[in-house]
Amino acid sequence: MRNIFENIHIPEKHKIDKPFNQNTYLVDGELREWNGEKTSVYSPVYQKNTNGELQPTLLGTIPNQTQESAIEALNSAYQAYDKGRGEWPTMRVEERINCVENFAKMMQDARDEVVNWLMWEIGKPYEESCNEFDRTVEYIEDTIQALKEMDRADSKIQKHSGIYAQVRRGPLGVVLCLSPYNYPLNETFCLLIPALITGNATIFKPAKHGILLLSPLLEAFQKCFPKGVVNIIYGSGRTLATPILESGKVDVLALIGNSKSANALQGYHPKKNRLRLVLGLEAKNPGIVLPDCDLELAVRECVNGALAFNGQRCTALKILFVHEDIVEEFNQKFVEEVEKLKFGNPWEEGVNITPLPEPHKPAYIQELIEDAQSKGAKVINENGGERQESFVYPAVLYPINETMKVYEEEQFGPVVPILTFKDIQEPLDYVSESKYGQQVSLFSKSPDALVPLIDNLVNQVCRVNINAKCQRGPDVFPFVGRKDSAVSTLSVHDALRTFSIRTLVAFKSSELNDQILEDLLESNASNFVNTNYIL
């Protein structure tokens with residue numbers, strides 16, 4: 001197996017000429033210079049130094065900000081919201097939409113730069129990095145359209161039992177956004193954009209990896225939104241998020257990441273019944289392959305579902321249950337498909353398997369493999385688990401049993417555990433007893449076989465995929481999970497509801513109130529009570 005870090009050739013358009021020092025942060029509408037401690041940002045791509053030794057590529061530095069910076073950002077957002085009286089929360093919906101549209105235009109001007117950073121920082125293949133950017137822009141556009149539709153539906157005056165009312169959705173307050181590293185643009189904006197466009201003020205801290213890609217967008221945030229509405233700070237989550245939550249001034253914790261972090265952070269808030277949670281957390285999504293399946297289709301979807309972006313997706317298939325009657329043939333075909341996957345550096349055309357951005361992940365993957373092997377499993381594919389610095393070749397493990405770590409732990413990396421079942425109750429029990437409840441994939445040709453599984457599993461997970469891998473999209477569908485996998489629902493429409501609350505102005509019908517309502521509608525003076533129709 002070739003070493004991907006030997007004799008590297010980097011295309012001219014993807015070269016990083018010198019490390020980039022990100023020394024500004026966004027607070028109170030200003031791009032302020034940071035003169036304190038900084039953190040180096042390294043790529044998972046290794047290159048040889050002057051001594052011929054392989055080492056991670058230094059990409060640049062970012063601010064390592066302090067608790068004082070966190071409070072500065074918090075106060076900025078708190079003042080911008082101003083208990084709901086600020087410019088942004090009281091602004092007309094169409095004016096907020098204009099701000100987001102202007103941001104999307106400026107964002108597209110930075111596409112090439114953002115995509116290149118995305119590829120270098122987290123090792124995401126170039127084509128997938130382009131798709132993530134384009135999908136994010138599309139998500140913004142779809143969110144704008146969904147808000148227009150929602151506002152049009154709310155533009156009418158209702159009357160029931162002698163009471164006139166206008167019902168609209170209002171913002172919640174100050175939102176703390178903490179993003180994941182695996183989709184640092186798309187999933188960040190799936191939190192940030194609906195939070196903003198519904199009138200909230202935000203504080204955003206990016207993940208440990210996938211940070212420099214935000215640098216080309218800082219000016220767009222600064223120019224397109226009123227001061228204090230977007231605040232972007234850098235550093236340790238524990239250092240920055242803890243004092244922000246302890247203040248009690250945050251109304252929404254929006255986090256995509258780890259349940260341990262989410263549990264710890266919400267525990268710092270002094271008024272927990274005031275804190276709304278928007279959480280996308282871990283999952284251990286199973287694929288269940290029945291004996292009557294289309295085997296070629298099942299293998300293809302399971303390989304893609306388990307190993308797309310090295311398995312670093314919450315929606316990845318992280319354990320496969322294959323019926324004992326077909327497991328030998330399934331394994332053979334599965335390994336053949338894995339061996340067809342191209343591995344290499346992220347700029348290589350058609351590459352599937354790339355270096356891992358988390359420094360500790362290769363060692364953790366090796367630990368899972370060794371634990372499974374010590375308890376009876378084998379790596380059934382050639383080169384499975386072989387490591388080159390930050391790169392790990394996918395390992396297919398079989399047979400798996402409940403004593404192994406990989407049976408329960410979310411590996412979030414290129415390891416595919418396979419086990420057999422004879423009775424369908426075995427995988428069903430696994431799903432029902434699991435602490436996770438995001439998705440499942442079922443593979444079968446038989447409606448009769450699928451019906452009881454569907455009707456059982458929809459009460460255990462939030463998406464049942466038929467003859468297809470688990471996935472988030474299309475973004476118009478709900479994205480949610482049960483148990484420890486999520487809190488609140490995300491999608492284009494649902495996210496607008498998640499980051500807002502229904503509120504209304506009511507007029508008990510009388511001569512005086514009828515005249516007041518008529519005057520309000522005629523003057524169009526109120527940003528809330530009006531019948532404006534956004535085209």
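Leaving aside neighbours within four places in sequence, which residues is D484 in contact with? They are S259, L281, E282, K435 and Y436, where contact means heavy atoms within 4.5 Å. Keep in mind that this is a predicted model, where local features need pLDDT of at least 70, side-chain atom pairs count only at pLDDT 80 or more, and totals for chains, interfaces and linings use all residues. Residues are numbered from 1 along each chain as its sequence is written, and side-chain values use heavy atoms, with hydrogens and water left out.

**Around D484**

- You'll find D484 in the loop between β23 (482-483) and β24 (486-487); strands here are DSSP runs of E with at least two residues, helices are runs of H or I with at least four, and both are numbered from the N terminus.
- D484 has 36% relative accessibility, so it counts as partly exposed (buried is under 20% relative accessible area, exposed is over 50%, and partly exposed is in between, with a 1.4 Å probe and protein chains only).
- D292 is 192 residues away from D484 along the chain, and their C-alpha atoms are separated by 32 Å.

**Two helix pairs**

- Two packed helices are described by the angle between their axes and the distance between the axes.
- Helix α9 (residues 295-307) and helix α10 (residues 327-340) have axes that come within 9 Å and cross at roughly 50 degrees, so the two are oblique to each other.
- On the α9 side the contact uses L295, E296, A298, V299, C302, V303 and L307, while α10 brings E329, F330, K333, F334, E337 and V338.

**Nonpolar cores**

- The largest nonpolar core has 131 residues, and F189, F221, F225, F330 and F334 touch the most other members; such a core is a set of buried Ala, Val, Leu, Ile, Met, Phe, Trp, Tyr and Cys residues joined through side-chain atoms within 4.5 Å.
- Helix α4 (residues 126-153) gives the most to this core, namely nine residues.
- Not counting residues up to four places away in sequence, F189 touches F103, M107, T136, Y139, I140, P194, L214, L217 and F221.
- There's also a second, separate core of 31 residues, including L368, A377, M404 and Y430.

Notes:
Axes are lines fitted to C-alpha atoms, for helices over the stretch in contact, and angles run from 0 to 180 degrees between N-to-C directions. Angles under 35 degrees count as roughly parallel, over 145 as roughly antiparallel, 65 to 115 as roughly perpendicular and the rest as oblique.
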